[in-house]
Amino acid sequence: MPLEIERKWLIDTDKLPFSLEGAEHHHIVQSYLSFSPQVRLRAIDDARFIMTIKGKSKETDSPLVREEREFELTRETYLELRAKTEGRTIAKTRYVVPESCENAQASDDARVFEIDVFEGDFSGLVMAEMEFASIEEAESYPVPSWAVLDVSEDMRYRNVAMAQSDDPSLVFQGMKENAG
């Protein structure tokens with residue numbers, strides 16, 4: 001199964017050395033058919049529909065690595081499955097910003113930050129993530145100067161954990177604990 005290797009950081013948009021205005025962005029609504037195994041449904045701009053199966057990697061126990069397989073769905077199939085989801089639905093706008101942050105347009109071969117600005121119960125939460133080709137590359141990548149906190153290994157900041165949370169304020173409590 002293909003691997004996803006990523007790092008995540010909490011960010012304060014006031015500290016960004018670039019503007020999200022004009023950056024490529026997509027509205028994402030995601031929910032879960034199952035938490036274990038993790039089966040996620042995602043609607044992107046209400047035009048593209050994806051089912052993702054994620055799980056712990058059999059190759060490593062690094063929290064930065066997960067197995068991931070995605071399947072394109074039709075709108076009809078998505079809506080049928082969406083009616084069977086459990087937990088909290090997560091809504092966010094995802095901005096795609098090139099690593100260089102020199103402009104707001106990402107090229108196909110450049111590494112990018114995906115900056116998620118959450119809505120609803122998680123309004124005020126903003127995270128950046130980046131995917132890597134190897135664990136070594138991910139572990140050696142420096143924390144961006146505009147990041148508030150590295151939460152790559154903090155399970156509270158995984159979307160699946162947020163969807164299962166009975167109390168969304170616990171995510172913000174974690175932010176306050178870690179900011180001090």
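The chain holds four helices and nine strands. The model is predicted, with a mean pLDDT of 89. In sequence order, the elements run β-β-β-β-β-α-β-β-β-α-β-α-α. The radius of gyration is 16 Å, which agrees with the value near 16 Å that a compact globule of 180 residues would have.

**Overall build**

- The C-alpha trace spans about 40 × 35 × 35 Å along its principal axes.
- Of the 180 residues, 46% are buried.
- Take the contacts with a sequence separation of 6 or more: 63% of them join residues 24 or more positions apart.
- The exposed surface comes to about 9500 Å². Carbon and sulfur atoms supply 47% of that surface.
- The chain carries 21 positive and 36 negative charges.

- A pLDDT of 70 or more is reached by 90% of the residues.
- Among the elements, helix α1 (residues 75-82) has the highest mean pLDDT, at 98.
- Helix α4 (residues 169-179) has the lowest mean pLDDT among the elements, at 64.
- Residues 102-107 stay under 50 in pLDDT. The model still gives this stretch eleven contacts beyond four places in sequence.

**I28 in strand β2**

- I28 belongs to strand β2, which covers residues 24-35.
- I28 counts as buried because its relative accessible area is 3%, below the 20% cut-off.
- R42 is 14 residues away from I28 along the chain, yet their C-alpha atoms are separated by 6.7 Å.

**L73 in strand β5**

- L73 is found in strand β5, residues 65-73.
- The relative accessible area of L73 is 17%, so this residue is buried too.
- Leaving out residues up to four places away in sequence, L73 touches L41, F49, I50, M51, Y78 and L81.
- Two of these partners, Y78 and L81, have numbers that fall in helix α1 (residues 75-82).
- S62 is eleven residues from L73 along the chain, and their C-alpha atoms are separated by 30 Å.

**V160 in helix α3**

- V160 sits in helix α3, residues 159-164.
- V160 counts as buried because its relative accessibility is 12%.
- V160 and Q38 are 122 residues apart in sequence, but 7.7 Å apart in space, C-alpha to C-alpha.
- V160 touches Q38 as well as Y32 and F35, not counting residues up to four places away in sequence.
- Y32 and F35 fall within the residue range of strand β2 (24-35).

**Backbone points to check**

- Most residues other than glycine have a negative phi, and most peptide bonds are trans. The next points depart from that pattern.
- The peptide bond from S36 to P37 is cis, with omega near 0 degrees. P37 lies in the loop between β2 and β3 (38-44).
- D45 is not a glycine, yet has a positive phi of about 55 degrees. D45 lies in the loop between β3 and β4 (48-56).
- D45 is partly exposed because its relative accessibility is 38%, which lies between the cut-offs of 20% and 50%.
- D46 also has a positive phi, near 50 degrees, in a residue other than glycine. The place of D46 is again the loop between β3 and β4.
- D46 has 48% relative accessibility and therefore counts as partly exposed.

**S19 in a loop**

- S19 lies in the loop between β1 (3-11) and β2.
- S19 is partly exposed because its relative accessibility is 45%.
- S19 and I53 are 34 residues apart in sequence. Their C-alpha atoms are 33 Å apart in space.

How values were computed:
Residues are numbered from 1 along each chain as its sequence is written. This is a predicted model: local features need pLDDT of at least 70, side-chain atom pairs count only at pLDDT 80 or more; totals for chains, interfaces and linings use all residues. Side-chain values use heavy atoms; hydrogens and water are left out. Helices (H or I, at least four residues) and strands (E, at least two) are DSSP runs, numbered from the N terminus. The radius of gyration is taken over C-alpha atoms; the globule rule is 2.2 Å times the number of residues to the power 0.38. Buried means under 20% relative accessible area, exposed over 50%, partly exposed in between (1.4 Å probe, protein chains only). Contact means heavy atoms within 4.5 Å. Accessible areas come from the Shrake-Rupley method with a 1.4 Å probe; for residues, only the protein chains shown count as cover. Lys and Arg count as positive and Asp and Glu as negative; His and the chain ends are not counted. The place of a charge is taken as NZ of Lys, CZ of Arg, CG of Asp or CD of Glu. pLDDT is the predictor's confidence in each residue, from 0 to 100.
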